[in-house]
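Work through these exercises with the model open beside you. Try each task before reading its solution.

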Amino acid sequence: MMKETILDISQNVIPGLENVDVSLSFRKFIGYIEDRIRNEKTVKRKFFEFVHERFTADPRFLEDINLDEIGDFQEQLSLVYNMLVPVIADENETLWALSIPLSQTVFYETSAFHDLLTDDKSGNVKCDLLRDIDISFEKKQKAQMIYSFLLEKFYNIPSFHSNDLVISIKDEKTCLPKYYKLNVCTDYVEVTAKVPLPKLDFDTVQLHAEEEFDWTLLMNLIPFSMFRFEGFTVITLTDVTADQAVENIKNIILNPVSDTFQSYYEKIIHSLNLLVGSQDIKFGLLPELRVNDRLVFNDEFCTHSVLVQTLVAEGIDQDEFLWMADGYFKDPKVHFYKKISDIEKRNAFMSILEKNEVQSYALLPVYNNARLTGVLEVYSKVKDLMDEKVLSRLEPALPLIGQMMQNGINKFDAQIEDIIREKFTSLQPAVQWKFKDVAWHYLRDNATQLPKTPIEIIQFKDVYPLYGAVDIRNSTIERNAALHADLEVQFEALIKVLAHIKEDVGLGLADEVIFKCKKWMDKISDQTSDHDESKVMDFLEYEVYPFLHHFKESKGRLGESIKAYYELVDKESGIAFLHRNALENSMQKLNSAVNLYLELFKNEIQETYPCYFEKFRTDGVEYDIYIGQAIAPDKTFNLLYLNNIRLWQLTSMAGIARITHELIPQIEKPLETTQLIFINSGSIDISFRDDERRFDVEGSYNIRYHVIKKRIDKVHVKETGERLTQPGKIALVYFNSKSAEEYVNYIKYLQEKNMLKNDLEFLDLEELQGITGLKALRIGVNLEGDWK
């Protein structure tokens, strides 16, 4: 049943649209019918002639139509509907309507459309554009739609924006929102320019295609008042609740906020309820948490499991449950009990669920990167609510749930590591005395005193810093090259597996996946293409692996083919990780050699005067050294110790450059290192940061030292564009010329020992953000000759 009621579904009108010249007309549509009559050779022509005759029978239908008179054209509107919608479509299910251009004022709609968008009691529109975007963004979307249409028609600038919006409507039965894609078809809208239009080119409106599109710019250049719009638009709604639910889950996982795990869980569950269309279906998450390879359950991550909750409430022995759960995780399968009461041989756990009024229960294993990460529990206390169709609706979300559980596993593992670092990490002997003193003072002062006094700040004043960095040259470029090479191997193998699926199973869908794989192979092969690595991984994770998993238990050639593929993508031994593993192994060997050398360096300098030495792992290794009277108050400090450690630092950098060079023939990827030293002439203050469990600089002046050392790793030589750091050389950055003179003397000494070349450079460096006047020494290391 069709309705001619007028319904305004427009919201948040764009400025400039209030008084636009718009009229309701069917002239363009009638012109379309006339074209079909002239060109149609089949029996359809008689139908078009009939429609045209009915349209032209009333001259008023050929003119602009007043909304107040729309009810006079019921027959014509019915014919428009039958022309645009398949004959077999049921208007009680089809979400379709006609509206006035721009205003989205609906004047003719199907019963389904009217009932969906209209409140039974008030008659008001009950839809609401998604509220996770603000009103300004909503207006921007509408403006983009209109201007895309105008720019394409009058300036031949291609459209970059879809005519789709998403609206949410509360389902009265489930009390859950449902999401619909609202498409506005403008094929039957005629737009004419009322005045000569200004000249525009693509560059003028290039922001049109960007996120920061400023539609007010076009409002000023070509305002809506320059145009006359006549005709009608066709609005269709498509249920996209399932797609939106999956997208919600993806956004929650990829854009985490500082919520509690409970809040995080509730958001995920709300989206799963949307996906299955019921709030009476409940979900539990049970990640596979292990400590020393033993399965454990953690309250924070597992309390939402109905199985765990009921077992705790019933006082069941946890070891027995862990033993059974471990057996399940070693051989995970889907378990679905449609009616627990109908199971003849119920185990103790099923009996407990039944006792707690659970009517239906399912265990669904979930995976991340083809590795089991846990199970999703699906259950209901309402009879006959769960069936196989409900479970099938969850399939698009299972890879995302697998990723979420992996995040939970990573968080749990990180918590274990944090506790180890917090409670058990030993302090360096050079500063351990200070921590003991502070701990004793805290214990002494708070033995009887309430409230407790805060613990003292652990601080060392007037210490001299030394900073060095050994970096692996072009590590990012090497990583990208290794990734490209490995992905090409993986996609070639994947296409073969999909071809076997197509041949052995006859599944035409495999062709589509093969097509997508080949497209990705083309992108990967094209080194000039800036493709997004995360999109490749998303494609494999969310489209390919669920597809392969369905055929994992196949026998014969197909089963062997899939097994071979999973062996190929094994991170430890698979050839699809050959280049990445080779690179990682090479980097690891280099860094191990550097770390070993620095450990020897640290032990040597500690013998002369105690100092604090801290390393940081990057693609290479960075280190900080602090030396001064405050570090060892019982031993008199002299600047000779500082001079000595500076000479040793330069010597060690030369040694590292030579050792890493000699390793090149022994590693799978020929990687080179660069060596960098920052010379700070004065002393600074440092304090221990409880939040990071490390020492850091203190005070605004001292922070400048920290800022400089973090920014100089990629600094360029002034006016050359050349990177300061170069393989086989040591770069020494400084401000104070006196400090440079000290190091020049050390360099001359090491040149006499044939450790350094006679190619010393004095360089000015480019300005960095907030930093000017930087200079540098650069000296080559004798990598081949004998050292004295």
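This is a predicted model: local features need pLDDT of at least 70, side-chain atom pairs count only at pLDDT 80 or more; totals for chains, interfaces and linings use all residues.

**Exercise 1. Burial**

Decide whether Tyr-566 counts as buried or exposed.

*Solution.* Start with the value: Tyr-566 has a relative accessibility of 18%. Next, apply the cut-offs: buried is under 20% relative accessible area, exposed is over 50%, and partly exposed is in between (1.4 Å probe, protein chains only). Tyr-566 therefore counts as buried. Tyr-565, at 2%, is buried too.

Numbering runs from 1 along each chain as its sequence is written, and side-chain values use heavy atoms, leaving out hydrogens and water.

**Exercise 2. Aromatic pairs**

Find how many aromatic pairs the whole structure holds, then classify Phe-227 with Phe-229.

*Solution.* The search returns 30 aromatic pairs. For Phe-227 and Phe-229, the ring centres are 6.3 Å apart and the planes meet at 55 degrees, so this pair is tilted. The rule covers rings of Phe, Tyr and Trp (its six-membered ring): centres within 6.5 Å make a pair, planes under 30 degrees apart are stacked, over 60 edge-to-face, and the rest tilted. Both Phe-227 and Phe-229 are buried. Now return to Tyr-565 and Tyr-566: at 5.9 Å centre to centre and 70 degrees between the planes, they pair edge-to-face. Rings also group: one aromatic cluster includes Phe-26, Tyr-32, Phe-107 and Phe-232.

**Exercise 3. The largest core**

State how many residues the largest nonpolar core has, and which element gives the most to it.

*Solution.* A nonpolar core is a set of buried Ala, Val, Leu, Ile, Met, Phe, Trp, Tyr and Cys residues joined through side-chain atoms within 4.5 Å. The largest one has 41 residues, and Ile-625, Ile-627, Ile-730 and Leu-732 make the most contacts inside it. Elements that each supply at least two of its residues include strand E18 (459–472), helix H20 (578–608), helix H21 (639–662) and strand E24 (729–734). H21 gives the most, with 8 residues. Apart from this core lies another, of 34 residues, among them Val-246, Ile-252, Tyr-264 and Ala-397.

Element names follow DSSP runs numbered from the N terminus: helices (H or I) have at least four residues, strands (E) at least two. The protein chain has 23 helices and 26 strands.

**Exercise 4. Contacts**

Which residues does Thr-660 contact beyond its neighbours within four places in sequence?

*Solution.* Locate Thr-660 in helix H21. Check burial: 3% relative accessibility, so Thr-660 is buried. Then list the contacts (heavy atoms within 4.5 Å). They are Leu-590, Val-594 and Thr-673. Treat Ile-627 likewise, not counting residues up to four places away: its partners include Val-463, Tyr-609, Phe-637 and Ile-645. For the protein chain, take contacts between residues at least 6 apart in sequence: 70% join residues at least 24 apart.

**Exercise 5. Positive phi**

Where do Asn-474 and Asn-754 lie, and what is the phi of Asn-474 and of Asn-754?

*Solution.* Asn-474 is in the loop between E18 and helix H16 (475–505). Its phi is near 55 degrees, positive in a residue other than glycine. Asn-474 is partly exposed, at 44% relative accessibility.

Asn-754 is in the loop between H23 and strand E25 (761–764). Asn-754 has a positive phi of about 65 degrees and is not a glycine. At 28%, Asn-754 is partly exposed.
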